[in-house]
Amino acid sequence: MQVCIAGFKKGQLKILAHSFDRSLGGRDFDEVLFQHFAAKFKVDYHIDVFQNARACLRLRTACEKLKKVLSANPEAPLNIECLMDDKDVRGFIKREEFEQISIPILERVKRPLEKAISEAGLAIENVHMVEVVGSGSRVPAIIRILTEFFGKEPRRTMNASESVSRGCALQCAILSPTFKVREFQANESFPFQIALSWKGSAPEAQNGAGDNQQSTIVFPKGNPIPSVKALTFFRSGTFTVDVHYTDVSELQAPAKISTYTIGPFQSTKGERARVKVKVRLNLHGIVSIESATLLEEEEVELQVSKEQSKESTSMNTDEASTNTAPASSNETDVNMQDAKGPADIPGAENGVPESGDKPAQMETDTKVEAPKKKVKKTNIPVSEFIYGAMVPADVQKAVEKEFEMALQDRVMEETKDKKNAVEAYVYDMRNKLGDKYEEFVTDSLRQEFTAKLQEVEDWLYEEGEDETKGVYTAKLEELKKQGDPIEERYKEYTERGSVIDQLVYCINSYREAAMSNDPKFDHIDLAEKQKVLNECVEAEAWLREKKQQQDTLPKHAAPVLLSADVRKKAEAVDRFCRPIMTKPKPAKPATPEAPATSPPQGSEQQHGGDPSAGADTHQSANDKAADGSGDASGEPMETDKSDTTSAA
């Protein structure tokens, strides 16, 4: 049972108090009913359910259902067939009787309520609303106790069984960067009191301080979380700090949480040094010593030039007065919420601001200031030992075991995928052998392959039900040795027509270009054009020969004209003919009367007076050449026009 008192504002929630009874819940009511009927059946039916584990389990399950029935009905029966020794049992109970035997449990409900109200410092009249969640809250007697205590009827605006999971989902969405939710801030508080304890320094022990064990409460009950606190110690060497609960009466857990060893370190002056320890209580209620820092003061003399005197006064340093050292070893600095305390304020170490006196203006170029004390910070190693936690060696073993199990899961997943691949291949190939692959395989080979597929299918559901990944891989490869040639013949047949058309188009295009009377090809030698025609004739003859051979073969025979060979032939023809047919026309030499850089007469009128339009004359000349309406200064086929920009 948990009781939480919270204060609400728009978009904000603050926990005021929290109390609980960790041994009070819905299961206790089940146990009361179980004990009642176990004693009743022992008298009425002479059976002892405690002697039979299965009978106990069945009776507990029936009592849980009976409790739910009594929440909505004044009475309820209990019937169990063959509970024990082949005996059917029957029982009956009224709600009043159920509440009577549950009085010891119901009396404990008020204690967490009274404790929460007391810790919150509120009067019962200040509680505006009471909300109940959890399946156990449906018991009418509990609702009656709450109504009497708070003087108002509890509400059920939230789903009693799903509210916790819904709240967790909302908090996850708030923390996640991938979800955008309405702004809502929850100011949580820690329900336990945590203290730090340590042994005093050596001089104090010599003064007869007994065991010299000192302690301070760092996080009191109700402390906000997350939270950071800083403590200052005066030590000359390594020391230990224990973290523990101050009250474990409600926790049912060991008092000690952890022990931290801070050190080794050594002061440069050989005396006790100031050590600042930062303790963090994170969002999840886990306390830890985050860091330890050795603070030492050093005297430094700064020579500052006249021009830099004003600038030096604005610099932030870690200066502190000589009389700012804490007076006792257990002094606790102010609470730093998420590291926003004095240590983060420039020039304000330990809450003491730096001296703001400006240096006097000197007439000389340099000046010597009075010696200042600068705080030198050195990080100190911190080692942690958590009570009840796994030792590092066991943690490492657990991590290795986790990796091993993850590897096993991955192997199992891959094995399952391979098994499914074999099964899918069997079904898919068997269907295609009687459909699209029918003409590409002989009858004898089809019958043989079908029998093999049936054999593998039978093996999958019998001996091969639980095999390794390698076995399934081998089976699939064995089937593909017979199936891949059939698939290849079908693929070649469907693709051959389109690739042949591409080769024919390539041959015809270059042949037409070589035989064309277009002026843009006049600059190409006839011998070069003849080479193009010869290449086209050779490729056409090769295709004709291969095509005649392929046409004489049945579809179930291995093809002699492959799509890959046709593509290679088309690439070879294009590689040979393109450099010849796209050879650029030689540029004409420029004449003095018409400089290459000056536009022709009247170009401004032609382009509407725009001087920049003259840059387009080269392009228009190429367009005319392409159309055959101008001179043959254009480029043949497809080339980059930048090669002829020197001709105007």
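Mentor: Gladly, and please keep in mind from the start that this is a predicted model. Let us begin with charged pairs: side chains of opposite charge can pair when their charged atoms come close. In this case, a search of the whole structure turns up 21 salt bridges.

Trainee: Which side chain does Glu290 meet in a salt bridge, and which parts of the chain does the pair tie together?

Mentor: The side chain of Glu290 meets that of Arg280, with 2.4 Å from N to O. Because Glu290 belongs to strand β13 (residues 287-300) and Arg280 to strand β12 (residues 273-281), this pair ties together parts that lie 10 residues apart in sequence. Glu290 itself counts as partly exposed, at 40% relative accessibility.

Trainee: Where do Lys416 and Glu413 lie, and how many residues apart are they?

Mentor: Both Lys416 and Glu413 sit in helix α10 (residues 392-433), three residues apart, which is about one turn of the helix. Their side chains meet in a salt bridge of 3.6 Å, taken from N to O. As for accessibility, Lys416 is partly exposed with a relative accessible area of 42%, and Glu413 is also partly exposed, at 41%.

Trainee: What separates Asp574 and Arg578 in helix α14?

Mentor: They are four residues apart in helix α14 (residues 563-581), so about one helical turn separates them. The side chains of Asp574 and Arg578 meet in a salt bridge at 3.5 Å, N to O. Here Asp574 is partly exposed, with a relative accessible area of 25%, while Arg578 is partly exposed at 36% relative accessibility.

Trainee: Now I would like to turn to sheets. In what order do the strands of the four-stranded open sheet come?

Mentor: The general idea is that strands of a sheet pair through backbone hydrogen bonds, either parallel or antiparallel. In this open sheet the order is β1-β2-β5-β8, and the pairing is mixed. The strands at the edges are β1 (2-9) and β8 (223-225), each of which pairs on one side only. From one strand to the next, the twist averages 30°.

Trainee: How many bridges join β1 to β2, and in which sense do these strands run, parallel or antiparallel?

Mentor: Eight bridges join β1 to β2, and the two strands run antiparallel. Within this pairing, Ile5 stands opposite Ala17 in β2. The hairpin of β1 and β2 has two residues between the strands, and there Gly11 takes a positive phi near 75°.

Trainee: What can be said about the pairings that involve β5?

Mentor: On one hand, β2 and β5 pair in the parallel sense over three bridges, and Leu13 has Ala186 in β5 as its bridge partner. On the other hand, strand β5 (residues 185-190) pairs with β8 in the antiparallel sense, over three bridges, with Ser189 standing opposite Pro224 in β8.

Trainee: Which helix lies across β1 and β2?

Mentor: That is helix α5 (residues 110-120), which lies across β1 and β2 (12-20) and runs at about 130° to β2.

Trainee: Why is strand β10 described as largely enclosed by the rest of the structure?

Mentor: Six of the seven residues of strand β10 (residues 239-245) are buried, and therefore the strand is largely enclosed. Four bridges join strand β6 (residues 194-199) to β10 in an antiparallel run, in which Ile194 stands opposite Tyr245. Strand β10 is also joined to strand β11 (residues 256-262) by six bridges, again antiparallel, and there Asp242 stands opposite Thr259.

Trainee: Finally, how many disulfides are there?

Mentor: The count comes to zero disulfides, where such a bond would need a pair of cysteine sulfur atoms within 2.5 Å. Among the cysteines, Cys4 is partly exposed at 45% relative accessibility, whereas Cys56 counts as buried at 14%.

Notes
Residues numbered from 1 in each chain as written. Predicted model: local features only at pLDDT ≥ 70, side-chain atom pairs only at ≥ 80, totals over all residues. Heavy atoms only, no water. Salt bridge = Lys/Arg side-chain N within 4 Å of Asp/Glu carboxyl O. Buried < 20%, exposed > 50% of the residue type's maximum accessible area, 1.4 Å probe, protein only. Pairing = 2+ DSSP bridges. Axes fitted to C-alpha atoms, helices over the stretch in contact; angles between N-to-C directions. Contact = heavy atoms within 4.5 Å.
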